[in-house]
Every structure is written in structure tokens, then in C-alpha cells.
Amino acid sequence: MEREFSAGGAVIRYAEGCWWVAVIEPQTSAEKQVRQKKPVLALPKGLVDHGERPEQAALREVREETGIEGQLVRKLKDIRYVYVRSWGDGERVFKIVSFYLLLYRAGEVDEITPEMRVEVRQARWLALQEAPRLLTHQGEREVAQLALDYVVTHPELQSSNNS
């Protein structure tokens, strides 16, 4: 079985009296859009490039998929799962996605390149408190809960974050 390694980030920002997390709505086919009752909400993530460390990949993927820059705070969790490729060879793939907590530093959410619009329909801020309920994938809901738990136990992050 082939293996894939990806990395992503829960980029958080304190503004308007609460914490927010950057999420993406991936592009989906017209057929999938008809079947889905609500849009897919996900954390930004992508493959770790050759010679790249997972933390670097997480920062890069966040920038590419959301338009914002983050600063590494800590690793939150590895998510492991098996999927079957829906393109090409249809092979089963064992995937590990490392998620990191990132603190917002700069940029405007959803200011992404036209090339990235092939992958990302929209990037936006979501109240972090709502993310464990509203993110589509269970593993990412767990990541959001870990991020929420972290900010509750580290109130000093509020003062170090750009509003």
C-alpha cells in the first residue's frame, strides 16, 4: 500500500472578543454539490514536498489555500486513514496528516491565486468555538477541539495575536 504524508494548520486569530479559525471550502464537482446538503468545510492542508519538513508544508499550504500567514505554535495531532484514489490507478493509500496550531500574523483570508481556485472555492474565518461541530471531517473536528482547548488554557495568546 502506498503512503502519503500531508500537513495542515488550524490558523487562529483573536478578534471581536473571540477566537476564529481559518477554514476552506474545497472545490467540488457539480455532481457532488447536488448530493451534498451543505458545503464541505475543512482545514487547509496538502502534501509535504520532497525535502520539506511537515511544519514548513503546513505554513505553505495555509498561505496557498487561505491567503494568510501563520506562526507555528505547536503540533496538535496526526490523523491517519486509508483512502482509495478516485483518479488514476484506484490504489489504496495510507495517509498521515500532521496538523499544527498556527497563530495568525498577516494577510487577508481568501486572497488566493487564480491557480489555487481550482482547489479552493472559498477561504473564510469561522468561530473556533463552532469548528468542532461544523467542520466536515471527524479528524479535523478533533483538531479544532484541541485548538480550542489550547487557547482556553493559554490566555496569553490573546495579547500576542494581531487583531
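Select Tyr81. At 33% relative accessibility, Tyr81 counts as partly exposed, a class between buried (under 20% relative accessible area) and exposed (over 50%), with a 1.4 Å probe and protein chains only. This is a predicted model, in which local features need pLDDT of at least 70 and side-chain atom pairs count only at pLDDT 80 or more, while totals for chains, interfaces and linings use all residues. Residues are numbered from 1 along each chain as its sequence is written, and side-chain values use heavy atoms, with hydrogens and water left out.

**Aromatic pairs**

The structure holds three aromatic pairs. Rings of Phe, Tyr and Trp (its six-membered ring) pair if their centres lie within 6.5 Å; planes under 30 degrees apart are stacked, over 60 edge-to-face, and the rest tilted. Tyr83 has 18% relative accessibility and counts as buried.

Next, select Tyr104 and Trp125. Their pair is edge-to-face, at 5.8 Å centre to centre and 80 degrees between the planes. It links distant parts of the chain: Tyr104 is in strand S5 and Trp125 in strand S6, 21 residues apart. Strands (E, at least two residues) and helices (H or I, at least four) are DSSP runs, numbered from the N terminus. Tyr104 is buried, with a relative accessible area of 6%.

Keep Tyr104 and show Arg13. Arg13 lies over the face of Tyr104, 4.0 Å from the ring centre. The rule asks for NZ of Lys or CZ of Arg within 6 Å of the ring centre and within 35 degrees of the ring normal.

**Nonpolar cores**

Which residues have the most contacts inside the largest nonpolar core? They are Ile12, Trp19, Val21, Leu43 and Leu128, in a core of 25 residues. S1, S2, S4, S5 and helix H4 (138-153) each supply at least two residues of this core. H4 gives the most, with six residues. A second, separate core has ten residues, including Ala7, Ala57, Ile68 and Leu102. A nonpolar core is a set of buried Ala, Val, Leu, Ile, Met, Phe, Trp, Tyr and Cys residues joined through side-chain atoms within 4.5 Å.

Centre on Val21. Not counting residues up to four places away in sequence, Val21 touches Ala10, Val11, Ile12, Leu43, Arg124, Trp125, Leu126, Leu128 and Ala131. Contact means heavy atoms within 4.5 Å.

**Helix H2**

Select residues 54-66. This helix, H2, has 13 residues and reaches 18 Å from its first C-alpha to its last, close to the 18 Å expected at 1.5 Å a residue. The expected span is 1.5 Å times one less than the number of residues. Ala57, Ala58, Arg60, Glu61, Val62, Glu65 and Thr66 are buried in H2. Among the strands that the buried residues of H2 pack against are S1 (2-15), S4 (68-84) and S5 (92-107). Just after H2, look at Gly67, which takes a positive phi of about 90 degrees.

**Salt bridges**

The rule is a side-chain nitrogen of Lys or Arg within 4 Å of a carboxyl oxygen of Asp or Glu. The count comes to 17 salt bridges.

Move to Glu91 and Arg85. Their salt bridge is 3.8 Å, N to O. Glu91 is partly exposed at 29%, whereas Arg85 is buried at 11%.

Finish at Arg117 and Asp110. Their side chains meet at 2.9 Å, N to O, in a salt bridge. Arg117 is partly exposed at 26% relative accessibility; Asp110 is partly exposed at 25%.
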